[in-house]
Amino acid sequence: MLCLALTGCGGGGGFGGFGFACPAVGYISSVKIELGGNADDVVEVRLCDDDGTCSAPRLDLTPVEEAPLEVIEPDQLAEQLAEQQAKSPAEQQVDPRTEQQVEPSPMPTRVEVLYFATKVNDNSWSVEMPFGVPDDVVVTAYRVDGMVAGETSLTLDWKRVGGSAQCGGPMEAGPVEIDIR
């Protein structure tokens with residue numbers, strides 16, 4: 001009853017006659033990007049939205065051969081830590097108010113990326129968006145030397161390609177065409 005009064009989500013059938021139950025599924029939407037012209041030296045395609053959020057290249061997660069693990073005894077570890085602390089006094093910070101040593105803030109362990117760009121072939125890229133879909137974007141292709149090979153600004157036309165009208169689903173846009181100069 002509370003659901004009906006507050007959100008209007010009720011309406012026959014579904015979950016106990018009080019509404020429609022959607023599965024807890026995360027959908028990944030995508031934009032197809034086609035490069036026109038000679039795109040041999042294009043190494044990155046970046047999509048940026050109006051909020052300044054840009055895609056990052058999807059990392060190649062191909063397994064690499066790792067060196068065998070080395071066992072370190074507790075006294076060796078303590079010695080290595082002492083050596084490391086002695087080598088980096090410049091990183092030690094002092095609070096000017098109390099003149100006491102302050103531990104430096106740890107580096108962030110997680111980087112939030114909202115869009116992932118993947119090269120499909122020499123002339124095609126795909127940008128995956130697991131957390132929403134932007135309307136207005138700028139798509140830029142970069143050469144090996146960091147120079148812009150082509151760029152376009154546009155409003156994306158999204159189409160749902162799965163799921164349902166009630167629960168949503170993955171969306172697709174494109175193909176976005178970029179002329180490589």
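I began with contact range: among contacts in the chain (heavy atoms within 4.5 Å) between residues at least 6 apart in sequence, 58% join residues at least 24 apart.

I note that this is a predicted model, in which local features need pLDDT of at least 70 and side-chain atom pairs count only at pLDDT 80 or more, while totals for chains, interfaces and linings use all residues. Residues are numbered from 1 along each chain as its sequence is written, and side-chain values use heavy atoms, with hydrogens and water left out.

**Elements.** I counted two helices and 11 strands in the chain; helices (H or I, at least four residues) and strands (E, at least two) are DSSP runs, numbered from the N terminus. From the N terminus on, I read the order as α-β-β-β-α-β-β-β-β-β-β-β-β.

**Sheet.** I looked up strand pairing, which requires that DSSP find at least two bridges between two strands. Six strands form an open sheet of mixed pairing, in the order 3-6-7-1-11-10. Its edge strands, strand 3 (56-57) and strand 10 (159-160), each pair on one side only. Strand 1 (residues 29-36) is antiparallel to strand 7 (residues 124-129), with six bridges between them. I then traced isoleucine 33 to its bridge partner in strand 7, tryptophan 125.

**Burial and surface.** I found that 22% of the 181 residues count as buried, the criterion being under 20% relative accessible area (1.4 Å probe, protein chains only). The accessible surface of the chain is about 13,300 Å², and 54% of that belongs to carbon and sulfur atoms; the areas come from the Shrake-Rupley method with a 1.4 Å probe.

**Core.** Leaving aside neighbours within four places in sequence, I listed the contacts of valine 42, among them Leu35, Trp125, Ala141 and Ile180.

**Rings.** I recorded arginine 58 over the face of phenylalanine 116, at 4.5 Å from the ring centre; the test requires NZ of Lys or CZ of Arg within 6 Å of the ring centre and within 35 degrees of the ring normal.

**Peptide geometry.** Proline 175 is located in strand 11. Most peptide bonds are trans.

Conventions: Buried means under 20% relative accessible area, exposed over 50%, partly exposed in between (1.4 Å probe, protein chains only).
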